[in-house]
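Colleague: I'm new to reading structures like this one. Could you pick a single part, take me through it slowly, and then show me what lies around it?

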Amino acid sequence: MRILVLGADGFVGKRALAALAATDWATPVAGGRRECDKGVIERIVLDATDQAAVAKAVDRVDAVVNCIAGDNRAVINNAKALAAAGSGKRIVHLSSMAVYGSATGTIDEAAPLLADNGAYAAAKAQAERHLAGVAQLVILRPGCIYGPHSAQWTQRIADLLIAHRIGDLGAGGDGYSNLVHVDDVATAILSALRFPGAAGQAFNLAMPDAPDWNGYFLALARALGAVPIRRLPEWRLKIETRLIAAPLRIAASGSHRLPPPIPPSLARLWRQDIRLSSARASSMLAMRWTSLDEGIAGSAAWYSGRPRNDA
Amino acid sequence: MDATEFPHASALSARVCIVGAGPVGISLALALAESGVDVLLLEAGGAHADATSQAFYQGTVADAAMHSPLDEYRERRLGGSTTIWGGRCMPFDPIDFEARDWIPNSGWPIGPEALAPYYAPANQLCEAGSFAYTIASAFDGPMKPMIEGFEGSDFSTDTLERFSCPTDFGERYRERLTQARTLRLVLNAAVTEVDLDADGSIVTGLAVRTAAGASFTVMADQIVLAMGGLEIPRLLLASRRVQPNGIGNRHGVLGRYYMCHIAGTMGLFRALGGSDAVWHGYDVADDGSYCRRRLALRPETQRTQKLGNFVARLHHPRIADSHHQTAVLSALYLGRVLVPKQYRKRLQDADPDGLAGTLRHLGNVARDPVGVARFAQAMLVGRKLAARKYPSIVVRPRNGTFSLDFHAEQEPNWQSRVLLGEERDPWGMPRLEADWRYSRGDVTTVQGAMALLAADIKRSGCGTFDYDPNVVEEEMTRYGAYPGHHIGTARMGGDPRHSVVDADCRVHDVSNLHLAGASVFPTSSQANPTLTAVALALRLADRLKVIVA
């Protein structure tokens, strides 16, 4: 079974590719913008927002895993292109919990796609809508994907913890983290490709009993040796989001060496009381979730041993 | 919601109504709302301190030297007394739950295992870090011993007290309270009477007055009073329409067995190795919380010596006495008017040496002004500006001497009580009168523990401990009852003749009325009550979830 992974050079794409390569039933095909000299995996160089190129690539495979990230326009155009390719082949599309927007409480897959908190959420929701007509579509909506090579939820958090810019945030870290290990996302992708009943379904992906953000920060800080953590007053985070984030972001576009910003959207997420229910994935995709201890140990080991400027 | 905006004579209803939005009421409300239970949380005060509201707490005390005024050390507002607390947390010890034949009226109808599942989440709500109360469980590496060379056969030094930020539950959890879909928080809503049906077996409603004076009623399937150890007996005693002695007071137990704690500072410990041989300060846990070791009277010794529970901390020598030669302490003494009122009490002693002493204090400060400045800076950064505050003043005395700060269990005593006084508040509710008493057994506990500690120190050869056994009673009552701990006034028990609530915190004979907080504790332990009160509230939440399901 030939499986095309679009966005094969991204964080989830790479992991999905490796997971597929490790099976005895899949032949992964990497779809990416760049030529890549090394590696045994077949590669199709394409622009995943180009309808003709996508259609041509989809023709050559049996199924597609869509891990396109990047800017919001690309996310939308990629979804359009994929929908137009309309192959009747299975497409596993990586969406995001962001589509639920500012919703609070326990959220299952039937919850409305509010997508009311930012352009990224809107783009992800729009992408889902463009793909809605695809017959063999499976949508995965992961929470915050952490683990080795996670720039957002492992590396950035670790950087901030080591700099003591976050720690115990009090009410600012009361939100439920909805963490999901990258290996679990890869496992879910494999199941979503194989399980016939998954077609037409969406699946939330988040470990059950994920900690709140304060709990995650403490556990990761412990694993990194960045303890004791400090209780930060609310004004500290306000200074971060209101005064430091914007200039840091502008400055960081020119350099990788600058510390990560804490944009207001991130601070909002840390206090948002939203719990993804992943009961459906647990039962239909037979997920067995990586425990937090295991996930954090692996994350910390990767972080400590990684080469600098690993993106 | 603010009750002052409610129309007169309106009515509210809910599955569960909790009266009092202090640490106990808030914890209980959050736990219930998390399970989707429809909860109404009433708070008599508003969101902030307000003198008019606070004045409703005024009452009388039988002996002003023995008990602080009733409108002090407790707060009538959202967050309750956590708006002013020090944040000291520790669980009760297993022995505290036992019926001990040497402590009259001791014994809980539940054991430590009943509370065990609730302590860790309670600790989290209190923000006192992880639930680890021994040095070995809280810290990885070997720690500097509390007193070098101390080997106590009657005292241990490996248990901890941990500190909350100190967390103001109102401020900390306000967002969660307002976000919870099935929870309504109503401020400025004071319950003035609990109404029963004709045979007194069920609560039919609550009479509530708003801060503006309007009245309304609340109907709920289950009622929980969580107003603290003084307001609970006051409200129940004042609700006399059906039960002439007050609700839950068929046998006259309500308001009796009133306990605080027995505390004081006395004695002089001189460490053989000087100040360097002693670690009496705080250790910081991974989670950032402050932990402190103390000398704890071992449970085996309590049993063999027939004593109550007792702990002690090493404290800097008496501040007023300039002979400590310690610049920071002298600076504190000279600048004592700047210290917050609740902490100033112990700085009020007159300098034993008068003017000469004052000059010596000035001399102490002059000797180490840099140390004083450094201390002031540490206090500013670590305490005033910090979100997690350094819990108390810890000063390393120059001459290697320490005083002993003790905190002891007070026995439940029928004579010690709160009752309704003659005066009334603006809503016509009788004000409270506190007649706190200590007993011979309390003196015996402190005397016995002091003697055993002196013997332990002597045997260990780590220093000397001198105290005057003849002034123990005087010292332990110098400031009267330990303020702010209001315990035992509606005690828990299996026998309605000797208790107010059953093992599930339900008032005997009233099927839908529950009490939460330290008022239901049958005994007081050495431990500060808040953590256990919150744990017990979480246990009650589980019970109520079953009842309303």
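Predicted model: local features only at pLDDT ≥ 70, side-chain atom pairs only at ≥ 80, totals over all residues.

Modeller: Happy to! Strand 5 (residues 155-163) of chain B pairs with strand 12 (residues 290-297) of chain B in the antiparallel sense, over 6 bridges. To find your place in this pairing, look for Glu161(B), which stands opposite Arg292(B) in strand 12 of chain B. Strand 5 of chain B also pairs with strand 4 (residues 88-89) of chain B, again in the antiparallel sense, and here there are 2 bridges. In that pairing, Cys89(B) has Arg162(B) of strand 5 as its bridge partner. If you wonder what holds such strands together, strands of a sheet pair through backbone hydrogen bonds, and they can do so parallel or antiparallel.

Now let's look at another sheet of chain B. It is an open sheet of 3 strands in the order 3-16-15, and its pairing is mixed. Strand 3 (60-61) and strand 15 (417-424) of chain B are the edge strands, each pairing on one side only. Strand 15 of chain B runs antiparallel to strand 16 (residues 430-435) of chain B, with 5 bridges between the two. One place to check this is Val418(B), whose bridge partner in strand 16 of chain B is Ala434(B).

Chain B has helices too: its secondary structure comes to 14 helices and 18 strands. Take helix 8 (residues 327-334) and helix 11 (residues 369-384) of chain B, whose axes come within 8 Å and cross at roughly 70°. That angle makes helix 8 of chain B roughly perpendicular to helix 11 of chain B, and their crossing is right-handed. Helix 8 of chain B brings Ala327(B), Val328(B) and Ala331(B) to the contact, while helix 11 of chain B brings Gly371(B), Val372(B) and Phe375(B). By class, the residues of this contact are 5 nonpolar, 1 polar and no charged.

Stepping back, the C-alpha trace of chain B spans about 70 × 50 × 45 Å along its principal axes. Its radius of gyration is 24 Å, which agrees with the value near 24 Å for a compact globule of 549 residues.

Chain B also has a partner: 13 of its residues are in contact with 17 residues of chain A. The side of chain A that touches chain B has 7 nonpolar, 4 polar and 6 charged residues.

Chain A has an open sheet with parallel pairing, made of 7 strands in the order 3-2-1-4-5-7-10. Its edge strands are strand 3 (42-45) and strand 10 (202-205) of chain A. On average, neighbouring strands of this sheet are turned by 20° against each other, direction ignored. Within chain A, strand 4 (residues 63-66) and strand 5 (residues 90-94) run parallel and are joined by 4 bridges, with Val65(A) opposite Val92(A) in strand 5 of chain A.

How values were computed:
Residues numbered from 1 in each chain as written. Chains lettered and ligands numbered in written order. Contact = placed C-beta atoms within 7 Å. Nonpolar A, V, L, I, M, F, W, Y, C, P; charged D, E, K, R; others polar. Pairing = 2+ DSSP bridges. Axes fitted to C-alpha atoms, helices over the stretch in contact; angles between N-to-C directions. Parallel < 35°, antiparallel > 145°, perpendicular 65-115°, else oblique. Left-handed = near helix turned anticlockwise from the far one by under 90°. Rg over C-alpha atoms; globule rule 2.2 N^0.38 Å.
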